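The sequence and the structure come next.

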Amino acid sequence: METELSVPELIAAALANAETAKTQIAAIRSQMDGPNASEAQAADLRAAYVDLEWLAVDTFTLFERRMQHHFKRGPFSRKLKALLTEAGHTDLADKVHQYYLVTNVLKHGTGASYRELLNLPDALFPVKPTDPNHSEDEPAPSSLVDVDLPGFFEGLGATLIEASEFLESR
């Protein structure tokens, strides 16, 4: 029987995987010749970015799954934000909420989470505006949030570890 990884171990693995993906993205970029890049290179770069985005989604989703037992039922992230705020950890509550919104945007594209993140005055990372004609019923467009930004995964990891430590200490 396999032992389940702890949240810090999951985060460490995610950070290592993110570094590998970023290295792959850098290698593809270095081989591209500006606007003369081949369609294959452009497709490889898009695929590498999508992989990195899904790594962010998977990281947050695994965190939620491991920590869900701290709440009876219902929307985990809302309950966690409320609990952190009630305990006076408003900065952490805000960070968890923003990473939750990013996860939703990466999974679903434009919608309520996208609009909320886009309108936050103190967003941790920029959100890219999208084509106003994009339908919410269409698949999520890639790169609404740039998860390749320096510090994105480190911030995600630190936030989730701090939140898990808070929950485990209760």
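Lys95 is partly exposed, at a relative accessible area of 23%; buried means under 20% relative accessible area, exposed over 50%, and partly exposed in between, with a 1.4 Å probe and protein chains only. The side chain of Lys95 meets that of Asp91 in a salt bridge of 3.6 Å, N to O. A salt bridge here is a side-chain nitrogen of Lys or Arg within 4 Å of a carboxyl oxygen of Asp or Glu. Asp91 and Lys95 are four residues apart in helix 4 (residues 90-108), so about one helical turn separates them. Helices (H or I, at least four residues) and strands (E, at least two) are DSSP runs, numbered from the N terminus.

## Basis of the model

The model is predicted: local features need pLDDT of at least 70, side-chain atom pairs count only at pLDDT 80 or more, and totals for chains, interfaces and linings use all residues. Residues are numbered from 1 along each chain as its sequence is written, and side-chain values use heavy atoms, with hydrogens and water left out.

## Other salt bridges

The structure holds four salt bridges. One of them joins the side chains of Glu4 and Arg66, at 3.2 Å from N to O. Glu4 lies in the segment before helix 1 and Arg66 in helix 2, so this pair ties together parts that are 62 residues apart in sequence. Glu4 is exposed, at 58% relative accessibility, whereas Arg66 is buried, with a relative accessible area of 15%.

Another salt bridge links the side chains of Glu19 and Lys22 (4.0 Å, N to O). Both residues lie in helix 1, three residues apart, which is about one turn of the helix. Glu19 counts as partly exposed at 39% relative accessibility, and Lys22 is buried with a relative accessible area of 14%. In general, side chains of opposite charge can pair when their charged atoms come close.

## Packing of helices 1 and 2

Helix 1 (residues 7-31) packs with helix 2 (residues 39-67) at an angle of about 170°, and their axes are 9 Å apart. Axes are lines fitted to C-alpha atoms, for helices over the stretch in contact, and angles run from 0 to 180 degrees between N-to-C directions. Helix 1 is therefore roughly antiparallel to helix 2; angles under 35 degrees count as roughly parallel, over 145 as roughly antiparallel, 65 to 115 as roughly perpendicular and the rest as oblique.

The residues of this contact divide into 16 nonpolar, five polar and four charged. Ala, Val, Leu, Ile, Met, Phe, Trp, Tyr, Cys and Pro count as nonpolar, Asp, Glu, Lys and Arg as charged, and the others, Gly among them, as polar.

## Aromatic residues

A search of the whole structure finds eight aromatic pairs. Phe71 and Phe76 form an edge-to-face pair, 5.5 Å centre to centre with 75° between the planes. Rings of Phe, Tyr and Trp (its six-membered ring) pair if their centres lie within 6.5 Å; planes under 30 degrees apart count as stacked, over 60 as edge-to-face and the rest as tilted.

Phe71 is buried, with a relative accessible area of 13%, and Phe76 is buried at 4%. One aromatic cluster is formed by Phe60, Phe63, Phe71, Phe76 and Tyr100.

## Lys79

Lys79 is found in helix 3 (residues 76-86) and is partly exposed, with a relative accessible area of 31%. Leaving out residues up to four places away in sequence, Lys79 touches Phe71, Arg73 and Gly74, where contact means heavy atoms within 4.5 Å.
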